[in-house]
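I opened this entry to look up the metal sites, then the cores and the cavities. My notes follow in that order.

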Amino acid sequence: MTGRFANIIVDISHEKVDRPFQYRIPEVLQGKLTVGTAVMIPFGAGNKRIKGYVMEITDIAAYDEAKLKAVDSVIEDGVGAQADALRLAWWIKEHYGSTMIAALKTVLPVKRTLKPAVKKIICCRVDAASALAHGAEYEAKRQKAKARLMRALAGQPVLPQALVTGKLHVSTQTIQALARDGLIAVREQNTVRSSLPEGLEDGWQEGAPSGTSQGTKKELSPHQAEIVTQIMQDFDAGVRQTYLLHGVTGSGKTEVYMELIDRVIRQGRQAIVLIPEIALTYQTLLRFYRRFGSRVSVMNSRLSAGERSDQLARARNGDIDIVIGPRSALFTPFERLGLVIIDEEHESSYKSENMPKYHAREVAEALCGMKGASLLLGSATPSLVSYYRAKKGEIRLFELKERLAGGQLPKVYVEDLREELRQGNRSIFSRRLQALLADRLEKGEQSILFLNRRGYAGFVSCRACGYVMKCPHCDVSLSEHAGRDGREGRMVCHYCGYEAERARLCPQCGSKYILGFRAGTQQIEELLHRDFPGARILRMDADTTRSKDSYERILSQFANEEADILVGTQMIVKGHDFAKVTLVGVLAADMSLYAGDYRAAERTFQLLTQAAGRAGRSALAGEVVIQTYQPEHYTIVHASHQDYEAFYEEEMAYRDLMRYPPAAHMMAVLILSADELAGAEHAQLLADRVKRAFDGKDVQLVGPSAAAVGRINDIYRNVFYIKHREYQVLVEIKDALELYMNQAQWETDSVQFDFNPMNSY
Ligand code: ADP
Ligand code: ZN
Ligand code: ZN
């Protein structure tokens with residue numbers, strides 16, 4: 001890296017990062033500095049010698065060159081966690097377009113010291129056998145929460161209260177009642193903040209020998225063992241690459257992860273496991289603790305700053321080998337990182353919604369490259385991006401095809417809502433769903449009704465024939481926008497801004513039942529009350545989960561069988577196993593199918609597959625009803641057969657035809673402005689520059705247009721999209737736009753780049 005000036009930060013901590021200082025690089029040091037190099041610099045009025053880190057090297061002096069102080073010397077041992085963080089931040093900045101400071105803030109942990117925390121723990125006052133007996137007694141009395149707690153205590157006599165009320169779904173009233181009965185005691189404990197946010201560690205240490213890998217380890221099936229062998233052969237031979245493990249839920253992926261981790265940490269290396277936040281369940285964590293004891297640490301967004309910094313210190317000191325957590329856990333400062341695992345790699349939560357809009361999968365790959373680590377992606381429904389790369393041979397594919405611990409895949413019915421209308425059924429529930437709901441109520445089994453509103457954008461479709469209004473240019477669904485001043489609404493494309501008058505008659509069959517699609521969870525709850533007056537119903541959506549613990553509370557009520565039917569949005573489909581659920585209804589699969597962006601079908605396939613996975617998790621067989629106006633749509637057909645491969649083939653044909661990722665790459669450029677006119681002008685200006693500068697280079701420009709949500713907090717949003725087969729060309733375009741904006745002295749945060757966006761804007 002060459003350049004005559006270095007931008008240096010003096011303290012890599014979250015708060016101070018936003019103040020880099022520029023120094024001159026003396027001739028003797030030129031060419032010797034790189035991002036992350038630790039240097040000594042003269043600082044402040046007294047020119048005290050302090051340590052700093054090179055953040056950026058440039059040829060542009062920020063001030064009068066003569067006034068710049070010079071870098072003193074290089075600190076030779078200046079490699080390590082700090083340098084890693086800087087290098088990774090640099091990569092993120094270059095790759096996604098953001099300021100170095102924004103990138104550093106993403107990568108660097110919060111640093112702050114806090115007082116030790118006080119924690120409540122629950123101690124069992126009877127022995128294990130007696131706890132089990134009490135558990136059985138409560139079970140017989142249908143006091144499920146009490147039964148659950150006593151059984152848990154039989155296994156681990158000390159449990160943190162946070163875990164009991166949280167993941168175990170036991171209320172504080174129940175805890176108090178058991179304490180009054182003398183079965184348990186609640187105590188306070190002063191702790192060095194545990195590496196385990198749920199406090200699992202305390203219970204673990206009391207309950208079982210720590211850090212052994214005996215006892216809970218499963219004998220791997222031949223298929224599982226083969227995967228481990230293959231990956232470890234590479235590892236031992238020094239070959240590092242990315243692997244994709246495609247296996248249905250329950251096929252033993254987690255067991256493969258754990259075996260690989262075990263082998264890698266035995267070689268003195270460390271591992272990071274990414275899990276979507278919502279899937280960080282008690283059961284998952286417990287499996288890791290059982291196997292690895294206190295060498296594991298968990299990160300989640302609920303950790304306080306102090307807890308987080310304690311954990312990071314432990315990671316830096318090498319006190320832990322394994323970190324489990326969501327996206328941000330990737331930035332754990334492990335010196336000897338050997339393996340990164342991303343479970344449910346298709347999840348959109350791995351993509352940051354804030355600048356820099358990085359994808360954890362891509363950053364993980366860069367990180368693994370820097371650290372000489374292997375990357376394993378796992379999913380039952382791999383992202384098209386990863387599967388495409390696997391097919392091209394860029395990453396290595398492994399498959400696990402069978403469920404191991406029994407449990408049948410559920411029976412899936414696809415119900416045609418057009419046919420329901422033809423038969424005179426105007427209800428939101430098909431006749432089959434009504435019949436099955438009645439049957440479950442009769443048998444005392446539970447049902448989940450699911451409204452997949454994710455990405456829902458108000459498409460317009462024909463109730464008689466299923467026809468959906470689409471953009472003639474982009475082949476995505478048009479979204480209905482309410483008309484102003486009493487005018488008729490319009491239909492708008494969220495990519496190119498194409499607009500059309502709201503259709504009144506179906507262009508395909510002439511029916512007047514062409515309508516904007518509307519259904520809410522509240523409305524469904526009301527209809528259920530009307531159709532099934534005796535049923536106990538719980539609703540879970542953004543409205544009912546606003547208060548702090550409501551999410552856990554609703555799940556615990558349902559787990560306690562205090563309700564027959566749970567109605568909710570996609571937040572109910574993940575990570576939770578309810579043994580008594582034998583029916584899952586997807587009320588309108590079309591809602592996510594016509595979300596108005598190129599990933600709508602992929603997301604729908606994933607959601608339907610997951611929703612189907614909620615039914616029949618135990619010995620009881622499950623049934624799934626998918627309601628749709630387009631039963632012949634390939635997404636619905638293949639999801640109902642759980643045929644990923646067939647879905648992939650058809651979806652890729654569409655992506656290829658339309659040049660959507662992963663067949664090509666797409667970059668969204670979002671222009672933010674407090675001024676409506678200026679915003680639109682700036683968008684046009686940038687788009688024109690792209691057109692001129694990259695003319696003849698096979699660049700496809702879509703827009704600019706107002707974003708679907710055209711204004712947020714009085715900031716106007718305009719957007720355009722650029723498609724190209726080469727990612728690198730998009731990076732060049734981004735660089736050119738950044739340069740232009742720098743020269744024109746635009747606000748740095750007025751334009752956002754999003755590479756291969758997960759949704760339309
Ligand atoms: P996934 O991560 O693919 O959902 P898991 O690893 O959780 O799958 O395995 C599903 C179930 O099968 C778990 O209960 C697990 O304990 C069990 N299991 C996994 N591998 C084996 C094995 N080799 N032998 C016996 N049971 C296994
Ligand atoms: Zn029609
Ligand atoms: Zn369009």
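I started with the zinc ion (ligand 3) in this predicted model. I found Cys471, Cys474, Cys493 and Cys496 coordinating the zinc ion (ligand 3), each through SG, at 2.3 to 2.4 Å. I looked up the geometry next. The site of the zinc ion (ligand 3) is tetrahedral, with angles of 107 to 114° among its 4 donor atoms. I noted that ideal tetrahedral angles for four donors are 109.5 degrees. Along the sequence, the donor residues of the zinc ion (ligand 3) read C-x2-C-x18-C-x2-C.

Cys474 sits in the loop between strand 18 (460-462) and strand 19 (479-481), and Cys496 in the loop between strand 20 (490-492) and strand 21 (499-501), so the pair ties together parts 22 residues apart in sequence. Is Cys474 buried or exposed? It is buried, because its relative accessible area of 5% is under the 20% cut-off.

I moved to the zinc ion (ligand 2). Its protein donors are the SG atoms of Cys462, Cys465, Cys506 and Cys509, lying 2.2 to 2.4 Å from the ion. The site of the zinc ion (ligand 2) is tetrahedral too, with angles of 106 to 112° among its 4 donor atoms. I wrote down the spacing of the donors of the zinc ion (ligand 2) as C-x2-C-x40-C-x2-C. Here one pair links distant parts of the chain, 41 residues apart. Cys465 is in the loop between strand 18 and strand 19, and Cys506 is in the loop between strand 21 and strand 22 (514-516). I checked burial for both. Cys465 counts as buried at 14% relative accessibility, and Cys506 counts as buried at 4%.

Next I looked up the cores. The largest nonpolar core has 135 residues. Among those with the most contacts inside it are Val340, Tyr495, Tyr660 and Phe720. Which helix gives the most to this core? Helix 23 (residues 727-743) does, with 8 residues. I also found a second, separate core of 33 residues, including Leu220, Ile265, Val273 and Val296.

Last, I searched the whole structure for cavities. I got 3 of 30 Å³ or more. The largest cavity has a volume of about 50 Å³. I counted 11 residues in its lining, with Arg308, Leu312, Ser328, Phe331 and Thr332 nearest its centre. Helix 2 (100-107) and helix 11 (305-317) are the elements that give two or more residues to this lining. I sorted the lining residues of the largest cavity into 7 nonpolar, 3 polar and 1 charged.

Methods:
Residues numbered from 1 in each chain as written. Chains lettered and ligands numbered in written order. Predicted model: local features only at pLDDT ≥ 70, side-chain atom pairs only at ≥ 80, totals over all residues. Heavy atoms only, no water. Core = buried A, V, L, I, M, F, W, Y, C linked by side-chain atoms within 4.5 Å. Buried < 20%, exposed > 50% of the residue type's maximum accessible area, 1.4 Å probe, protein only. Helix = DSSP H or I, 4+ residues; strand = E, 2+ residues; numbered from the N terminus. 1 Å grid on protein atoms, 1.4 Å probe; cavity = no way out; pocket = protein on both sides within 12 Å on 5 of 7 lines; lining within 4 Å. Points joined across faces, edges and corners; volume = space filled by probe spheres on them. Nonpolar A, V, L, I, M, F, W, Y, C, P; charged D, E, K, R; others polar. Donors = N, O, S within 2.8 Å, 3.2 Å for Na, K, Ca; no water. Tetrahedral: all angles 85-135°; square planar, octahedral: opposite > 155°, others 65-115°.
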